[in-house]
Amino acid sequence: MTVIAVGNQGGSAGKTTLVVNAAARLAQVTGRRVRVIDLDAQANASHWLGHPEPADGPTISDVLFHNAAIADADRAVAAVDGLTLVPARRAEMEGADVTLARVLGGEQRLRMALAADAATSGDPGITLIDCPGSLSTVTVAALVAADVAVTVFAPMEKEAGAVSAFESTVGQVAAAYNPTLRLASVVPSIVPGGSGRYYTDVLDQVREGWGDLVAPPVRRSVRVPEAYSAQLPLVVYAPAEPVTADLAAVVEHLLAAGVLGAPTR
Ligand SMILES: Nc1ncnc2c1ncn2[C@@H]1O[C@H](COP(=O)(O)OP(=O)(O)OP(=O)(O)O)[C@@H](O)[C@H]1O
Ligand SMILES: [Mg+2]
């Protein structure tokens, strides 16, 4: 099993957009089972993948707090073959960081649930975790469970600084809980078209700091909020759009960075 946690301690960086659309693309290109886990109380990934406020059945909070099996909370995503979702219900995930911090071993809960799932399921598959935009116990739980971490940033000076903050969190979680965890990719996101000098400079600075880890940029496009409203991943909603090609290039970058196994570079 490969577990990829997508995080950033700032909001609105493009995390959910990357998780949902990279997951759909990975299901298409690898033909493997791909699962999205929504760990954010905003439940944006759940909405996007067609399960806003699920009426019944277990969700991620039952996995974290009531020992529900991941497989019981996992639901098919109708739009994409092979893609599934462990959804979040907003009300249940509000305050989950505080509750999880109070539970003995709370930051290990997701890792244990994924390990139990891998032990019983035939196809280990690929799991992408959509983290909340804060350094909470929930984000730590995602990093404890992950093989690799990926971060996303919008190329403004403050947001680029968030890459260092996230890298430092990854290092701390690796030291405390998960020694093989590594930051595998830094994805520039929501990059304005015809990017002015300012954005190019910020991107250059990030490339100086993170070199090959920096993925090709994802352009700003109105197709992204449209696809969210349509509850369809971009590969289905707008397969021929430049932003969809950008996200496909990010997936290629992740594969080349060895997120699914042996690095190819
Ligand atoms: N490439 C893009 N082009 C245009 N809009 C985008 C793009 N990527 C993301 N957005 C928009 O920016 C906002 C934030 O994106 P997204 O929800 O993916 O970020 P996030 O990091 O998950 O935010 P949060 O911290 O709130 O969970 C959303 O309204 C989304 O539609
Ligand atoms: Mg989000």
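Visitor: Which residues of helix 13 are buried?

Guide: In this predicted model, the buried residues of helix 13 are Val243, Thr244, Asp246, Leu247, Ala248, Val250, Val251, His253 and Leu254. An α-helix has 3.6 residues a turn, so residues three or four places apart point the same way.

Visitor: What do the buried residues of helix 13 pack against?

Guide: They pack against helix 1, strand 6 (148–153), strand 7 (182–188), helix 11 and helix 12 (234–237). Helix 13 itself covers residues 242–256, and its 15 residues reach 21 Å from first C-alpha to last, close to the 21 Å expected at 1.5 Å a residue. Following helix 13 you will find Gly258, with a positive phi near 80 degrees.

Visitor: Helix 1 is one of those partners. How many of the residues of helix 1 are buried?

Guide: The count is 12 of 16, so helix 1 is largely enclosed by the rest of the structure. Its buried residues include Lys15, Thr16 and Thr17 at one end of the list, and Ala24, Leu26 and Ala27 at the other. The length can be read as well: at 1.5 Å a residue helix 1 should span 22 Å, and its end C-alpha atoms are 21 Å apart, which agrees. Just after helix 1, Gly31 takes a positive phi of about 70 degrees.

Visitor: What volume does the largest pocket have?

Guide: The largest pocket has a volume of about 520 Å³. Of its 25 lining residues, the closest to the centre are Ser12, Gly14, Thr17, Ile190 and Val224. The elements that give two or more residues to this lining are helix 1 (15–30), helix 2 (44–48) and helix 11 (223–230). Sorted by class, the lining has 11 nonpolar, 10 polar and four charged residues.

Visitor: Which residues lie nearest the centre of the second largest pocket?

Guide: Look for Asp40, Ala41, Asp97, Pro132 and Ser134, from a lining of 14 residues. About 150 Å³ of space lies in this second largest pocket. Its lining divides into six nonpolar, five polar and three charged residues.

Visitor: Let's turn to the nonpolar cores. How many residues has the largest one?

Guide: In soluble globular proteins, nonpolar side chains tend to be buried together. The largest nonpolar core in this model has 47 residues, and those with the most contacts inside it are Ile37, Leu39, Ile60, Leu110 and Ile129. Helix 8 (residues 137–145) gives the most to this core, with seven residues. Setting aside neighbours within four places in sequence, Ile129 is in contact with Val3, Ile4, Ala5, Val6, Val19, Ile37, Leu39, Leu110 and Ala142. Apart from this core lies another of 39 residues, among them Trp48, Ala184, Val187 and Val235.

Visitor: Can we finish with two loop residues? Is Pro155 buried or exposed?

Guide: Pro155 has a relative accessible area of 1%, and residues under 20% count as buried, so Pro155 is buried. Its place is the loop between strand 6 and helix 9 (157–176). Leaving aside neighbours within four places in sequence, Pro155 is in contact with Ser189, Ile190, Val191, Tyr198, Tyr199, Val202 and Leu203.

Visitor: And where is Ala69?

Guide: Ala69 sits in the loop between helix 3 (60–65) and helix 4 (70–73). With a relative accessible area of 37%, Ala69 is partly exposed. The C-alpha atoms of Ala69 and Ala116 are separated by 7.9 Å, although these residues are 47 residues apart along the chain.

Terms used:
Residues numbered from 1 in each chain as written. Chains lettered and ligands numbered in written order. Heavy atoms only, no water. 1 Å grid on protein atoms, 1.4 Å probe; cavity = no way out; pocket = protein on both sides within 12 Å on 5 of 7 lines; lining within 4 Å. Points joined across faces, edges and corners; volume = space filled by probe spheres on them. Helix = DSSP H or I, 4+ residues; strand = E, 2+ residues; numbered from the N terminus. Nonpolar A, V, L, I, M, F, W, Y, C, P; charged D, E, K, R; others polar. Core = buried A, V, L, I, M, F, W, Y, C linked by side-chain atoms within 4.5 Å. Buried < 20%, exposed > 50% of the residue type's maximum accessible area, 1.4 Å probe, protein only. Contact = heavy atoms within 4.5 Å. Expected span 1.5 Å × (residues − 1).
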